[in-house]
Number of protein chains: 2
Amino acid sequence: MPAPTAHDIAKAAKNAFQDAQLIPASERAKALHEIQLSLQASKVEILQANQEDIKAAEAEVKAGNMSETLLKRLDLNKGDKWDSMLQGILDVASLPDPTGTVSYASELDDGLELYRVACPIGVLLVIFEARPEVVVNIASLAIKSGNAAILKGGKESNRTTTLLAKSISAGLAKTAIPELYVQSIQTRAEVSSLLELDEYIDLVIPRGSNSLVKSIQNNTRIPVMGHADGLCSIFIDQEADVTKAIDYPAACNSVENLILHDSIVNTVWPSVAKALLEANVKLLCDPTSLNALKTCFSALPNMETLVTPSELSSYDVEHLNLTLSVIVLPSLRSAIQFINAHSSHHTDSIVTESDEAASIFCRGVDSAGTYVNASTRFADGFRYGFGTEVGISTGRIHARGPVGLDGLVTYKYMMKSQAPSGHIAAEFGTGKKQYKHNKLHTTTVPFLI
Amino acid sequence: MPAPTAHDIAKAAKNAFQDAQLIPASERAKALHEIQLSLQASKVEILQANQEDIKAAEAEVKAGNMSETLLKRLDLNKGDKWDSMLQGILDVASLPDPTGTVSYASELDDGLELYRVACPIGVLLVIFEARPEVVVNIASLAIKSGNAAILKGGKESNRTTTLLAKSISAGLAKTAIPELYVQSIQTRAEVSSLLELDEYIDLVIPRGSNSLVKSIQNNTRIPVMGHADGLCSIFIDQEADVTKAIDYPAACNSVENLILHDSIVNTVWPSVAKALLEANVKLLCDPTSLNALKTCFSALPNMETLVTPSELSSYDVEHLNLTLSVIVLPSLRSAIQFINAHSSHHTDSIVTESDEAASIFCRGVDSAGTYVNASTRFADGFRYGFGTEVGISTGRIHARGPVGLDGLVTYKYMMKSQAPSGHIAAEFGTGKKQYKHNKLHTTTVPFLI
């Protein structure tokens, strides 16, 4: 049998999706349990393949072609990663069904009822980095929410992900859900071909760099839910608590920009800087914050090596290491404007004891997450209570921030006439019947069997 | 002053959006009242410009360059169009504020609360046909939902839409909302330039043909909420009520495909066909439905002129006139498969007295609207109870079907620590604090002032 083409794969996914529409949600939960068993049964084989991926990666690291970070992410047997991956499947299985719930219901006329009902989106094409456990996380969320999925992991994890996908299909085969409900692909060429097939694929979910997300957006008509990197900020307000101001930047290895209200430059800032330098954080400082440090700590040991003047471009860079770009601004309003201009609209936090400043910050900052006295690292599907996550959406359409099951459903409208003669629209209008639009209080569609 | 470039327009829109984030929702309702007054005050001037648009269009119709339908849509003074346009503004003003409502709230830890809050999307670029009242409908919905908007109507209505936009700005000028919150543009070149500016524009909403929507999707990274034409179907089930079966197809000038269960070809279908032919509906019939008619009505007057054999492509065409493509299929399942393969996923209806068939149809048909014994013409924002509509989305991401205020909002997450020492993520994990994830029952964010 020749290998399936991208077109075959996409068409099979759409067929699997449509065929599964009448399968009850309980079968989807059952499928997750079967998949967990199937993975457990293939553990030795999968970890062996994972070892091969790791060996190949180690050679690449030695040759200087791959980072240590990437290598570490490959290992499926590190710590409790395997067990928590399997537990995650059961956790997702036990979450409430995200489909079938009614978000709007209205009686348009006697016996004519309208319902807006959550339903799956369709076929998802998910592209992600070389982290094999993501195959299982995303397959679990897709199945639970009733979506078919085509998965493409980073090529460095191909051996592992192929076997994971095989186990997932084997689990599905024990249920009424079609085996091709979840498929995996290995090559970029397949991705390119799939991006053309908007008749079969309903949503592309790329996880990775801004450039990956942009390149996919540039090459498809299919809607894209991008999960790009975050450029996050912390603003230390004039009414900040000094202890919290010290804690947050140090704890937030995911923060890029530290913004200081100018009234605290000579009071709170030196203590914050001291803590950061002790934690070996590199500081790129604007002239005001730099001068304040020079005045206070001419003799601090790490100053010379860790503190350097910032450039204009310093505030648009995702450092991805222990570096903070620091800027002093004259007001909360100017801090909000600065964040809206420089952040990636991911997650930003204010340190303040003022309720008014907190409220203005949360309204004014145009990001998926706006926090008060809390670290930006809380932006995570598990921490938010979603069990696991597809990723953190940096778009603002459909789903924003950490995406769980809710982000993988859309809705459809169902309408039923119970009137003896049915309903036609021509009966309504000026001088004819008027719409009632009586709100109905229900969470399910009463006529669905 | 030189005319603003597309970049100026987009940047001004984003600034207007961000500046308006702290303005209370009551000011947005006030703005709608001011706009209504401003339009009323400029009525003579606007209708004069509208007359000029109509005169130019009449010349085009005479020259054979424009359809009568397009000409008719231009007239802002026809019937009660002007008054109902103005009443529509007040109706939208009185709808509940779609922003600020909480759809998910969770206590992650003592004193650490997370809220998912509805908020505006940002800057909308809306492209629509030459129907001047749409400027006012969409501006009303955008303002009420807190979005800035750039509007481009069909060029045939340019004189009218320019003055409508001027009145809208004059109304906004009497409020705290920036005047450039709603801007209008006139040329396709401006649209092309704006489609590049994903840093300023958050959502493109094109209304029009499938080819317009596809062309925009092909030329932008910005998310697109397409409002293309609908290709709708009615399925007459084996358990259809004959009267309803006769009523619906005749009443649905928006239906393209009529699907018949084969068990009713010689019973219900002849009566349906008779009613359709009496209503001058052209029928493109597959062999089975055609033979049934020939057997029953060899002598029916309209048969010769109105009934012709269908082709394979007949079921993928939007007729946009009194034409129906007819096909006979052996089962409900095959009808669902046929609809999913041929419909534009807009609105489809079943005529049946069977609760089971109704339920299977509504689950199985993958369209924005699935109806039982009701005409597909009910798919409309006003009829659904949304006041008015942006259009009927034929995409399935973010908003589907008729789009009202709910379709123009997204959400953000707000988190606040009330704990004396604030919250950092490093406090949680194995052997440390565990997340509580206690559901909070609230519809608003308590700490927003």
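**Domains and chain contact in a predicted model**

The centres of domain 1 and domain 2 of chain A, taken over C-alpha atoms, lie 36 Å apart. The model is a predicted one. Domain 1 of chain A is made of two stretches, residues 6-227 and 400-408. Domain 2 of chain A covers residues 232-385.

Chain A and chain B touch each other. Chain A brings 83 residues to this contact, and chain B brings 83 residues as well. About 7,400 Å² of area is buried between the two chains. Carbon and sulfur atoms give 56% of that area. Three residues stand out on the side of chain A: A:R221, A:R363 and A:Y413. Together they supply 10% of the area that chain A buries against chain B, more than any other three residues.

The polar side of the interface was examined next. The rule finds 51 residue pairs in polar contact across the interface of chain A and chain B, with both residues at pLDDT 80 or more. The side of chain A that touches chain B holds 40 nonpolar, 22 polar and 21 charged residues. Side chains of opposite charge can pair when their charged atoms come close. Between chain A and chain B, six salt bridges are counted. One of them joins the side chains of A:D355 and B:K416, with 3.2 Å from N to O.

Over all chains, the structure holds 42 salt bridges. One lies inside chain A, between A:R159 and A:D53. The closest N and O atoms of this pair are 2.9 Å apart.

Most residues other than glycine have a negative phi. B:H345 has a positive phi, near 60 degrees, and is not a glycine. B:H345 sits in the loop between α14 (332-342) and β12 (347-351) of chain B. B:H437 also has a positive phi, about 50 degrees, although B:H437 is not a glycine. The loop that holds B:H437 runs between β16 (409-417) and β17 (438-439) of chain B.

Terms used
Residues numbered from 1 in each chain as written. Chains lettered and ligands numbered in written order. Predicted model: local features only at pLDDT ≥ 70, side-chain atom pairs only at ≥ 80, totals over all residues. Heavy atoms only, no water. Domains from an automatic or database assignment. Contact = heavy atoms within 4.5 Å. Buried area = accessible area lost by both parts, 1.4 Å probe. Salt bridge = Lys/Arg side-chain N within 4 Å of Asp/Glu carboxyl O. Polar contact = N/O pair within 3.5 Å; in protein donor to acceptor, adjacent residues only side chain to side chain. Nonpolar A, V, L, I, M, F, W, Y, C, P; charged D, E, K, R; others polar. Helix = DSSP H or I, 4+ residues; strand = E, 2+ residues; numbered from the N terminus.
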